[in-house]
Structures are given as C-alpha cells and as structure tokens.
Amino acid sequence: MSLVLLRCWGVRVRSGWNARDGAPIPALVRLQAAPCGQPPHPSPPTWQHGGVTAATHSTLFPQVPDAADAVLEGLDPEQREVATALHGPVCVLAGAGTGKTRAITHRIAYGVRAGILQPSSVLAVTFTNRAAGEMRGRLRQLGASGVQARTFHSAALRQLQYFWPKAVGGSLPRLVDRKIQLVADAAAACHVRLDRGELRDVTAEIEWSKVTQTVPADYAAAAAKAGRDVPRHPAEIAQLYAAYEDLKRDRTVIDFEDVLLLTVAILQDRHDIAEEVRAQYQHFVVDEYQDVSPLQQRLLELWLGERDNLCVVGDASQTIYSFTGATPDHLLDFRTRHPGATVVKLVRDYRSSPQVVHLANGLLAQARGRAAEHRLELISQRAPGPDPVYSEYTDEPAEAEGAARRIRDLIASGVPASEIAILFRTNSQSEIYEQALADAGVPYQLRGAERFFDRPEVRKAGIALRGAARFGGNDALLDDTVDLPSQVRAVLSGEGWTSRPPAGSGAVRERWESLAALVHLAQDFAAAKPDATLGDLVAELDERAGAQHAPPVQGVTLASLHSAKGLEWDVVLLVGVAEGMMPITYAKTDEQIEEERRLLYVGVTRAREHLSVSWALSRSPGGRANRRPSRFLDGLRPGSGNAVTRGGTGGTGGIERGVTGGVEGAVRRVNRKPARCRVCGRTLTDAGEMKLMRCEDCPSDMDEGLYQRLRDWRAAQAERSGQPDFCVFTDKTLMAIAEAVPATPAELAGIPGVLTRKLKRFGADVLAICAGQDIEGVEDDD
C-alpha cells in the first residue's frame, strides 16, 4: 500500500506542501494548574464497602464531578488502575458487563480533568457510530468535552478530506454509500450473472479482501488460506473484484474501505503529513480491539509512529466479526508487541445476575481455540436472580406467540418495554416476532434502523421545539402548560404524539415511538434540572445530536445477535436456538463453529436478570419435527447431561506489569500513574512540577552535590554533541533525578523527562553518577 494506490486515480502525488486555505487542525489546549498546597481530595469510600457505583442503569443527567479525583470515585481496583494508567502501552482485557466503557471514559476524563491529557490530543476510536456517540456522551457528563471519539472510518475520513488537496490535489472523490450496485455493474461488464444472494456474497468478499489488504491477483490464494466459503469460483470473484476497482476509478468514486486504504497510503508516503497528524494526537484509546482488521491495525500503527501512548480494550471471547476481516490476534499478541505493557483484567460483572453469568461461563468452558485459551471467567457482583428459562415449541409461530405472551406478562408486572429484547441469529427471523408483538399489543422497535437523530420525525420535532422555545409566548398550544414536560407534550402533539400509542405496527408506530422517546427525555431532563426551560432542552438535544447520544426508545427491542453487541437489557429472550440456526448451517470449520458459540455468549451476556432461551422443533405448523436444541446448550440446560468444564487462563481479574531489568528492559517502564506531589499528595498538572513529583513550593530533599555532578556531566555531553544543555536533560529533570537518586533502570525510567531515547543513550551514565562512580567530564566533590 503506497504511492501505487494514490496513482491509481490518475494523478501524480505532489512532493511539496502546498497547503490549501482553511482552518488548521486545532491547537492543543493548555489547562492551568490548581493552586499549590491544595489538600488532596478526600478519599472516596472503598469499593469493598459500597463505594463502587453500578456500571449500568446510570441516570441520563448525572452530576459532573467537581474535581479530577472525584472522577475516580466508585471505580473498583481494576477499573481505577485503568483510569490512572495514563502513559505507555496499556491492555485492558474486559469481560462482558465489567464496565470497560466506564473504565476507559473515566481514564480519559481523569487525565483531562487533572491536566495530564489535553482534550484535543486524545483520539478514542471504536467501531460503531452508536458506541462513539455513547463515549462522547459519557465524556461530556464527566466534564471532558473536546475529546475526539470516533469510528476508525470517521477519523480517517476527516483526515483524508483535510489532507487530500495537499497529497494529491483537487477534491476528494465522491464516497458511495452502497457498493452493491457497482458490483452489479462490474458483473454485467464481465458478462457474469449473479442473483441477489450471490451479489450480496460477492460484495462481502470484496470488502473482506480490502480490509485484509488483498489485491485481486492474490484473492484466490488468500481466500484458500483463510478457509473462506466462497460463493463463486475464486478466479471469477477475483475477476469481478478487479472489474469493480476499474469501474470505481473510471467513475471517480471511492468506497467505505478506500477511506482507510487511502489514508494509510498518504500517511505512509507523506512523512510531513504523518508528522502533522502525530503532532495533533498524542494519546490513543481503542475500544473493541478484538474486532480490529489488519487494515485498521496498520492505520493505528501509522497514527502512533514510534510512540507507545496507547490503551486498547477488548475481549477475545466476543470476537464475532471475523467474516469482515476482524481478528483477535492483535489483542492477544499485544503483550508480545509491547513487552512493557500494563495488562489489566476486568472480570467483576456488574451487569448480569449470578445465574446468567453461570450460563455464560459454562458456554465458554466448552470452547476451543486460541480465543478460548484466553477466556475471562466472570464473577457476578449482583444479587441472585431467577434461573434462565428454557422453552421448546412445536413450530416457529408458536415460539413467537410464546415470546409475546411472556413479554406481555412482564410488562404487566412493571418491567418497562424498553428493558426487554428479543435476539435472533438472522434478520429474516424478525418478521414473525414483529407480527406476534403487534397482535399482542406490545410496542417494539427494530435495532439497526436509521440513527435516531437522523429520523425525519425527530428532525421535524427538533424544529418545532426550537420554534416554540423562541416564540412560545405567542403559541396557543402552550397556554395551559405548567412545566417543561407538559410544554414538550403540547408541542409534539402537533407532530403526531398522543398519550396512547397507535394500534398495530409499521411506520406509524415507529414514528410515535421516536416522539415518545423525546417526551421521556424531557421528563428526565426536568427531573434533573427543575429550573430548565424549553430552550435548555433544545440545547441539550443539539448536544446529543452532535454526539449521536440518543435517548432510549420505549419499546421492546428486536435485534440480531450481531447488532446487539454492546447493548444490555433487564430481560433478554434468545429465540431460535436450534441446530441449523445456532450454529448456523453454513458454519463448517472449527473456527466458524467457535465463532457461533461466541455469538451465543454475546447474546447471553446482554441480559441483566431475566434470560429465556427457546427453540422450535419445526419451521411451520404441521411440519416435520426434526430440529433439536443447539449443541451449545448440551450439559447446560436441564436434562442435557453434565456440563463439560475446563480451566481458563483468565479466571481472575488483576494487573500485570511490564518487564523490568536492564536499561533495555526498562525502556517501556514509564510512570503510568497520574503525577501526585510526594509531599502534600495533590494531583500535579504543571509540567515542571510533574517532573519533580512535588509542588514547586513544597520542600525539596535534593542532593545538591549530585545535582552539580549531573550538571557537569550534562555540559560535557552537550559540548561533545554540539547541542544546548537542555537537549540532553532540562534543569527540572536533573533536579528530579537528584531528588529521587534512582538506583535501577526502572527507577530512572519512572522519572518524567527520561524518555525512551534518552534512557537508552544516557541511562548507564546517569545511574553511575547517582551511585557515586567516576564518569568522564564529572568532577568529584572530594
């Protein structure tokens, strides 16, 4: 991937800078230090005594922490370690429901609030717009606005749009939303007839090829090596892939994968542009790291350069997108690539009851393969709940009706519809459950539909609310309203909201559910801020729209297991858990079967308290009853024999430090804790104070003789290299060394200002001076 990719567009890559007029990348923001001598923040209640706050069910409008240390309150020991490990490579192995998003958002927020991380220098990347929106929303609630939280593609697209005129010239080619029509046109050009299913499958093969950086000529060999179940002859797919790329170039368009490929090409071939990006972003956080593709990993490496300020979070047992090129190898090999990394394991499950966790652990206990060897055995932190319910039905309509009856009873008992989900293996299973819920009068929403703030009814509602906020005094609709929620209900009644939902399903019901979500949001907003006005609510909606931080929709969720990743509900009904569907029929290899098991594991761990697992013996009434429950339930459901158990390497949580010993071994052993004054305990934010590890005004215990010997040595080194003294070490760094008097490479590496390159070059001399040994250019005081 190099200049070849850029030149395929028929343009010559420019070697000059020739920047286009426009806004520069925002400069870093400097946060001011708190006054010296401020006493340390009172210690929060310990996690063992109820200080840990729930990782789920957080209010929509929590209070913003009043200080940096307050951000850490309520975190358990492992989460706190994540939150305070602000430098160097950090790998967080986080089981389902263990609060990984909480840990990494608190990590970013703590660093920002303490002045250790500058908001604009942090780039947090994840895999879905929803996850990125949630991360931005949480950071805003923690008082850490300004941090870039984006998907890989969104971050790359911004960079590509900004740098394309400099690297290539002209405007960036148009991005196509859906490539399937282009694939159809390529097939027609090759005189290949594809039905709808084959067209979809060939498109998926092209996408897989691009994210694994496979060119058309290498497709057949790469597909065979990866064990791909190809929809057509490999040579034919390679031909279609090549034709697709030619057609795309002829029409001057790019696709979703090209965004990453072209960004990688520019960063590889234009070092000036790469350095500009690296100057902007100093700290990286990657969520769902088990789903990184080879192409995304390459982009991440180019963003990082030679630095190691990287925190990755993932769980190999939740790898469910390998068909798209995702692989857990980058997560599992992280410690190999970064020997000095801190590894933190999160296994305290705050989401699910012990009964749900027991089933989840049982599923993984029977797993095989590399991911299974690194499984995390969850430990529930919740009170006991009901056992999972297993149900067998004669046919699929009976199964759907049984699910609707159970949901209707749960809602009647007080469970909100928004806290219930039906999860299935394929989207084609949705229709029968939609009909069953509609017949039972149960509200529902389809997961994976249009983003909330992009829905036409939500946009119209926003315009109406904005108009009412501006001219409400002249609106007769608001004459009888007494508070903010009643004002919102009055305005939205003109947009189609009613106090009772419409009967049946379909578009009308979906529009009503969207408006109802805004009504509920207004009620929560008013409860959190009693003096809030309609204008304040509009401002809140604008903030949420910008962050894609959508409110929950009041209705039972229907979703595929893949689209349910990252979500959770009080009640989960796993339906269609039968052989042929779970695992799916086309899962043939051991690796594919294990991914199906992990998919079911993801489904199980979406449930907080109530979990139902069901299957049907036949597809339609009167059909042949030849189905059986999924093999994954053998030994776990009642009457299916004893469960097979096996040990795992990740059964307990904890923290693993990087390697030590020798200057080389200490290179990556930097101080991963936030800087605190070793005299008064205050969190330090000034760079000079952070080097000294104390407030400027706090008393020093520096060895004056050692400090002078270090200065003499520095002067000799600077003269020898022809550089100013501070290029060797600054005065503050020498003072910090003279105060700490390090005796080992690891202790020296822990002093701010002693970076990797300088540790390698000067570490042996500095340690010898600290030990009182004679060094050339250093005079002995005696």
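Two residues are in contact here when their heavy atoms lie within 4.5 Å of each other. Keep that in mind as we look around this predicted model.

**An annotated stretch**

The "binding site" annotation comes from an unreviewed UniProt entry, and among the residues it covers are Gly99, Lys100 and Thr101. Let's look at two of them. Lys100 belongs to helix α3, which spans residues 100-113, and Thr101 lies in helix α3 too. Are they buried or exposed? Lys100 has a relative accessible area of 15%, so it is buried, because buried means under 20%. Thr101 is also buried, at 15% relative accessibility.

Leaving out residues up to four places away in sequence, Lys100 touches Ala94, Asp287, Glu288, Val313 and Leu346. With that exclusion, Thr101 touches Glu134, Arg138 and Asp287.

**Salt bridges**

Side chains of opposite charge can pair when their charged atoms come close. The count for this model is 41 salt bridges. Here are some of them:

| Pair | N to O distance | Relative accessibility |
|---|---|---|
| Lys179 and Glu207 | 3.0 Å | Lys179 8%, Glu207 29% |
| Asp246 and Arg249 | 2.9 Å | Asp246 35%, Arg249 33% |
| Arg278 and Glu275 | 2.9 Å | Arg278 16%, Glu275 46% |

Lys179 sits in the loop between β4 and α6, while Glu207 is in helix α7, so this pair links distant parts of the chain, 28 residues apart. Asp246 and Arg249 are about one helical turn apart because they are separated by 3 residues in helix α9. Arg278 and Glu275 are likewise 3 residues apart, in helix α11. Finally, salt bridges with shared partners join Lys210, Glu245, Lys248, Asp255 and Asp258 into one network.

Technical notes:
Residues are numbered from 1 along each chain as its sequence is written. This is a predicted model: local features need pLDDT of at least 70, side-chain atom pairs count only at pLDDT 80 or more; totals for chains, interfaces and linings use all residues. Side-chain values use heavy atoms; hydrogens and water are left out. UniProt positions are given in the numbering used here, feature names are shortened, and annotations may be inferred rather than shown by experiment. Helices (H or I, at least four residues) and strands (E, at least two) are DSSP runs, numbered from the N terminus. Buried means under 20% relative accessible area, exposed over 50%, partly exposed in between (1.4 Å probe, protein chains only). A salt bridge is a side-chain nitrogen of Lys or Arg within 4 Å of a carboxyl oxygen of Asp or Glu.
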